[in-house]
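Some labels in a structural description rest on cut-offs.

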Amino acid sequence: MDDLPPKDLFLQSVARCTASAAFIPAFYDRFTSASDEIRAKFRFTDFEQQNKALKRSLEMCAFAIAGTPEALAELTARAKTHDRDHLNIEPRFYDIWVDTIIETAAEYDDQWSDAIEAAWRRVLSHVVKHMIRKY
Ligand code: HEM
């Protein structure tokens with residue numbers, strides 16, 4: 001299974017993680033505990049909506065790396081909501097985002113392996129690069 005392309009390893013892992021309704025809340029818990037600045041960014045957030053949005057968005061990440069036009073359009077829209085004129089998510093926050101989501105996935109994916117971790121890093125670094133370029 002580990003010889004599947006990163007996009008597929010990532011998508012299958014996301015599906016195993018999100019099969020548990022606790023996965024995304026566990027990620028936001030970890031992420032917002034990482035710094036007071038991050039916690040402050042989410043002070044007005046409706047986490048019920050946010051959890052759904054992030055689940056969809058993770059799937060978008062996989063299709064964006066594969067070049068699917070709808071996913072690229074979605075990625076561009078996310079980059080805009082996160083840029084300096086909107087949510088103002090400074091580039092330095094993205095490494096924490098990637099590390100905490102991968103730490104959480106490692107706990108929730110019962111088939112976790114080095115190849116799966118590498119797939120998460122590959123897909124997310126592609127997306128993050130795009131978000132930072134458009135900041
Ligand atoms: C590639 C990484 C990321 C993805 C895919 C992502 C995805 C999303 C999505 C889908 C939404 C909801 C729709 C929207 O407002 O755009 C959202 C909102 C948000 N994101 Fe991100 N995000 C990422 C990184 C970050 C980082 C690093 C931060 C740093 C604090 C952050 C903070 C926020 C905040 C504050 C909101 C608004 C929540 C609200 O409505 O109150 N995001 N994100």
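The turns that follow concern salt bridges, accessibility and the nonpolar core in this predicted model.

Q: Why is the pairing of Arg92 and Glu37 called a salt bridge?
A: A salt bridge needs a side-chain nitrogen of Lys or Arg within 4 Å of a carboxyl oxygen of Asp or Glu. The N to O distance between the side chains of Arg92 and Glu37 is 2.8 Å, so the pair meets the criterion.

Q: What makes this pair a link between separate parts of the chain?
A: Arg92 sits in the loop between helix H5 (69–82) and helix H6 (93–108), while Glu37 belongs to helix H3 (residues 36–41). The pair therefore ties together parts that are 55 residues apart in sequence.

Q: Why are Arg92 and Glu37 called partly exposed?
A: The class lies between the buried limit, under 20% relative accessible area, and the exposed limit, over 50%. Arg92 has 44% relative accessibility and Glu37 has 43%, so both fall in between.

Q: Which other salt bridge does Arg92 make, and how do you know that it qualifies?
A: The side chain of Arg92 also meets that of Glu90, at 2.8 Å from N to O. That value is within 4 Å, so this pair is a salt bridge too. Glu90 is partly exposed, with a relative accessible area of 27%.

Q: What makes Arg121 and Glu117 a salt bridge, and where do they lie?
A: Their N to O distance is 3.5 Å, which is within the 4 Å cut-off, so the pair counts. Both residues are in helix H7 (residues 114–133), four residues apart, or about one turn of the helix. Relative accessibility is 35% for Arg121 and 27% for Glu117, so each is classed as partly exposed.

Q: How many salt bridges does the structure hold, and which residues are linked in a network of them?
A: There are eight salt bridges. Arg30, Glu103 and Glu107 are linked in a network.

Q: What makes a set of residues a nonpolar core, and how many residues has the largest one here?
A: Its members are buried residues of nonpolar types, joined through side-chain atoms within 4.5 Å. The largest such core has 37 residues, and Phe10, Leu58, Trp97, Ile101, Trp120 and Leu124 have the most contacts inside it. Helix H7 gives the largest share, eight residues.

Q: Which residues is Leu58 in contact with, leaving aside its neighbours within four places in sequence?
A: Leu58 is in contact with Phe10, Val14, Phe23, Ile24, Trp97, Ile101 and Leu124.

Note on methods: Residues are numbered from 1 along each chain as its sequence is written. This is a predicted model: local features need pLDDT of at least 70, side-chain atom pairs count only at pLDDT 80 or more; totals for chains, interfaces and linings use all residues. Side-chain values use heavy atoms; hydrogens and water are left out. Helices (H or I, at least four residues) and strands (E, at least two) are DSSP runs, numbered from the N terminus. Buried means under 20% relative accessible area, exposed over 50%, partly exposed in between (1.4 Å probe, protein chains only). Contact means heavy atoms within 4.5 Å.
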